[in-house]
Amino acid sequence: MSSAYVDYSSQIIRGLCIRAKERGNVNLIFFPGVFVKEAEAGKGHYGDSISLVDVLVITDQEMLQMLLEQPEGAFFSNVLEHVPYVLLKDDAGQVLEQACELAERQPADMGSQQEGDFEENGSKQERRDNFERALEFAMMAHKGQVRKGSSIPYIVHPIETSLIAMTLTRDQDIMIAALFHDIIEDTPYSAKEIEDAFGSRIAHLVQLESENKRKGQDAAKTWKIRKQEFIDSLDRKAKDEKIIALADKLSNMRATRQGSRKHGDEFWQRFNEKRKEMHHWYYRTVADKLKEFADTDAWQELDRLIREVFEQ
């Protein structure tokens, strides 16, 4: 595991801490300090899901209940049985301060980090500042949005997508584009605004990942057309551009597995396309188009989740 992955993960945590302290609208903060130990031990990227979490800081009872109700095998399944967590009260600001200090100390504690891992296309500090600015932009763009059919803040998905991309590349533009991948599609922000703030390459990468939503038309009737257009676009993309697609689809399949286990057949009714077999067609076709990543943990997890949800 690249030490840059650990460093960027800490950047995400620090950014969430800043937002939680200043605006109070972050529901869940997770601290992946165990990544450091895994890197030193030479372990893979996707072990037990518990290894992703050192400390949970939960800011409301509803979010705590949601985590407690996760089905077996879900991303946060059984985490609360093994990981220290704090449910914040109105008077618990000091707890949040202490938790955020934990994240802020992580880069200094990494020991094995190599400067070169974080210095491509600019100094280490410049890249850190750029990524933290990108995180703030993404949180602002997705403010108030939740995952379809749930109360989970939508920003969890682009952050997870960016984290997955970090296991596949050290190209910061790809990481930021992964963080932004739904902004043009699902928020009022435009490609021009992304380009003005973060450059033409990132804006172009986000555009490549964005669907033509065909606004004004029935989304259920255009679903297959839109998905086929995305599948066809993979044939025209370079390998680094496909990283965003792989990361996005893996994050979505994690949520799909979780939702289908919890809600059964009713789960598919929340989507524009309500036939489970059509979602199977889409995810399996995308995974097959991305087989050049078959030796990566990310593709192997995507393949496994597709088999678990659709093919067993």
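Which residue forms a salt bridge with Lys-237? The legends below take up this pair and two others in a predicted model.

**Close-up 1. Lys-237 forms a salt bridge with Glu-209.** Here the closest N and O atoms are 3.4 Å apart. This pair links distant parts of the chain, with the two residues 28 residues apart. Lys-237 sits in the loop between helix H12 (219-234) and helix H13 (239-263), while Glu-209 belongs to helix H11 (residues 200-209). Both Lys-237 and Glu-209 are buried.

**Close-up 2. Glu-211 and Lys-227 meet through their side chains in a salt bridge.** The N to O distance for Glu-211 and Lys-227 is 2.8 Å.

**Close-up 3. Within helix H15 (residues 297-310) lie Asp-303 and Arg-307, whose side chains form a salt bridge.** Their N to O distance is 3.0 Å. The two residues are four residues apart, about one turn of the helix. Asp-303 has 14% relative accessibility, so it counts as buried, whereas Arg-307 is partly exposed, with a relative accessible area of 34%. Follow the contacts onward and you will find one network, in which salt bridges with shared partners join Arg-284, Asp-288, Asp-303, Arg-307 and Glu-311.

Key
Residues are numbered from 1 along each chain as its sequence is written. This is a predicted model: local features need pLDDT of at least 70, side-chain atom pairs count only at pLDDT 80 or more; totals for chains, interfaces and linings use all residues. Side-chain values use heavy atoms; hydrogens and water are left out. A salt bridge is a side-chain nitrogen of Lys or Arg within 4 Å of a carboxyl oxygen of Asp or Glu. Buried means under 20% relative accessible area, exposed over 50%, partly exposed in between (1.4 Å probe, protein chains only).
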